[in-house]
Amino acid sequence: MNLTPTAGSLPRQAPDYRWSAARLALGTASALGISRFAYGLLLPAMRTDLHWSLAQAGALTTANSLGYLLGAVLAGIAARRRGPTATFRLGMVLTALALAATAVSGAYLALLTARAAAGIGGALVFVAGGVIASRSAAAVRSPAPITIYFAGAGLGIAISGASLPGMMAYAPHDWPMAWLGLAAFALLATVASWTAARVDGPELRSATGRRRIRPLWRTAVAYLLFAGGYIAYVTFLSAALAQEHTPVWQISTLWTVLGISAVAAPRVWDPLMGRWPPARVLTTLLALLAAASALPLVSSSHAVLAVSVLTYGATFMTVPAAVTATIRGATPPEDWTPTLSAFTTVFAAGQTIGPWAAGAIADRTSAAATLAWTAALCASAALVAAYPRRADRRI
């Protein structure tokens, strides 16, 4: 389809679009890198302090994903009625408040509720920010705004990795203070990204857009499998390493490398996303994720673990970027919001089941089983994505 921007339908090209995309990326840094993935670093301390099983620990991620599922449904409605700008800002505020609420009580129900609220806020940010980045990408005729936006999650991961493991090793009972620190970062991210979420021109708030899932059903299935698998790696990696008595400094280093590689990912994938068909990009990403998550099962040496997190970080947040680019290329602008919302619902459904199932299996085996779960589901997703329908090939 023609992606040349037309007057009144897409934002004007600005010379500083990369800077705007970077500030918008604070949305994924907060809603994903901090709100979702940092939990994996706090999990060992919380599990010890609150006497949880791995299934109980995974259930908090499931609660977050259930909130994300609800938020994905609400995001499509809110973005059409209020516009993506207002939806993005609402999601950022809700995420910061939910992170602060996580520090209030150690009661299991209260923590489940706070994590669910964080999931709702995260989905609002994810969908609305994806729409804003897609419009910017169409305006500048480059995938860079999309890949930069999703790579922002790596910043949150890197900040968490550099600070939380050492803090938890020194004072494991102070995990509420860690959540308050994360909430403070989310609040700063909200302020810094506020104006970057502004969309020039009409925001296409009408409800005339359609969800276009059937022509991209293989992409949707691959996305579902990816969602159910990838989240187990980032949720339980620290627990698996702790079970192997990995030093705290090594866990912190690996997590920081994971985040930094995610931030650097656009440099690697932007040229390929501009030249390769979307199905090839998605298949390559998923295959690399499967291999990266399987590496720690082969060896726990620092070199092997470093290759694992480096590869994983450079690929996992590019999968949503590739799916968003696929939607942008396959549908007209008025259909981006409902279609992206539908795909985010699929994504949330996978994330809802994955952590609990992986944790339940690990309770009966070992924490390493969560990595095998990720490898198996990402490999299956790669196989599905490798054989697109004819409709997918025309994107």
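# Why do we call it that?

This is a predicted model, and the structure holds 3 cavities of 30 Å³ or more. Let's go through some of the words we use for it.

Q: Which residues line the second largest cavity?
A: The lining is Thr147, Phe150, Ala151, Ala262, Ala265, Pro266, Trp269, Met317, Thr318 and Ala321. Helices H7 (144-170), H10 (248-275) and H13 (318-330) each supply at least two of the lining residues. H10 gives the most, with 4 residues.

Q: Why is Thr374 called buried?
A: Buried means under 20% relative accessible area. Thr374 has 0%, so it counts as buried. You'll find Thr374 in helix H15 (residues 369-385). Leaving out residues up to four places away in sequence, Thr374 touches Gly229, Tyr230, Ala232, Tyr233, Ser293 and Tyr312.

Q: And what about His51: buried or exposed?
A: Exposed means over 50%. His51 comes in at 68% relative accessibility, so it counts as exposed. His51 sits in the loop between helix H3 (39-50) and H4.

Q: What else is there to notice about the phi of His51?
A: The phi of His51 is positive, about 60°, although His51 is not a glycine. Most residues other than glycine have a negative phi. Arg141, which follows H6, also has a positive phi, near 55°.

Q: Why is Ile77 called partly exposed?
A: Ile77 has a relative accessible area of 33%, so that's where it lands. Ile77 lies in helix H4. The C-alpha atoms of Ile77 and Asp16 are separated by 30 Å, with the two residues 61 apart along the chain.

Q: Ala57 is in helix H4 (residues 54-82) too. Why is Ala57 called buried?
A: The cut-off is under 20%, and Ala57 has a relative accessible area of 0%, so it is buried. Not counting residues up to four places away in sequence, Ala57 touches Tyr39, Leu43 and Trp52. Ala57 and Gln250 are 193 residues apart in sequence and 22 Å apart in space, C-alpha to C-alpha.

Q: How do you know that Gly121 touches Gly91, Leu94 and Thr95?
A: Contact means heavy atoms within 4.5 Å. Gly91, Leu94 and Thr95 are in contact with Gly121 once its neighbours within four places in sequence are left aside. Gly121 is found in helix H6, and at 0% relative accessibility it counts as buried. The C-alpha atoms of Gly121 and Phe88, 33 residues apart along the chain, are separated by 8.7 Å.

Q: What makes helix H6 (residues 108-140) largely enclosed?
A: In H6, 26 of the 33 residues are buried, so the helix is largely enclosed by the rest of the structure. From its first C-alpha to its last, H6 reaches 47 Å, close to the 48 Å expected at 1.5 Å a residue.

Q: How do you know that H13 is mostly covered?
A: Count the buried residues: 12 of its 13. Among them are Thr318, Val319, Pro320 and Arg328. The buried residues of H13 pack against H6, H7, H9, H10, helix H11 (278-298) and helix H14 (336-364). H13 reaches 18 Å from its first C-alpha to its last, close to the 18 Å expected.

Q: What makes a group of residues a nonpolar core?
A: The members are buried residues of types such as Ala, Leu and Phe, joined through side-chain atoms within 4.5 Å. The largest nonpolar core has 106 residues, and Phe37 and Leu286 have the most contacts inside it. Helix H9 (residues 217-243) gives the most to this core, with 14 residues. Apart from it lies another core, of 6 residues, among them Tyr17, Ala21, Val140 and Ala144.

Q: Which residues does Leu286 touch?
A: Not counting residues up to four places away in sequence, Leu286 touches Ala222, Phe226, Val319, Cys378, Ala381, Ala382 and Ala385.

Notes
Residues are numbered from 1 along each chain as its sequence is written. This is a predicted model: local features need pLDDT of at least 70, side-chain atom pairs count only at pLDDT 80 or more; totals for chains, interfaces and linings use all residues. Side-chain values use heavy atoms; hydrogens and water are left out. On a 1 Å grid over the protein atoms alone, a cavity is a set of points where a 1.4 Å probe fits but cannot get out, and a pocket is an open set with protein on both sides within 12 Å along at least five of seven lines; lining residues have an atom within 4 Å of a point. Grid points are joined across faces, edges and corners, and a volume is the space filled by probe spheres set on the points. Buried means under 20% relative accessible area, exposed over 50%, partly exposed in between (1.4 Å probe, protein chains only). The expected span of a helix is 1.5 Å times one less than its number of residues.
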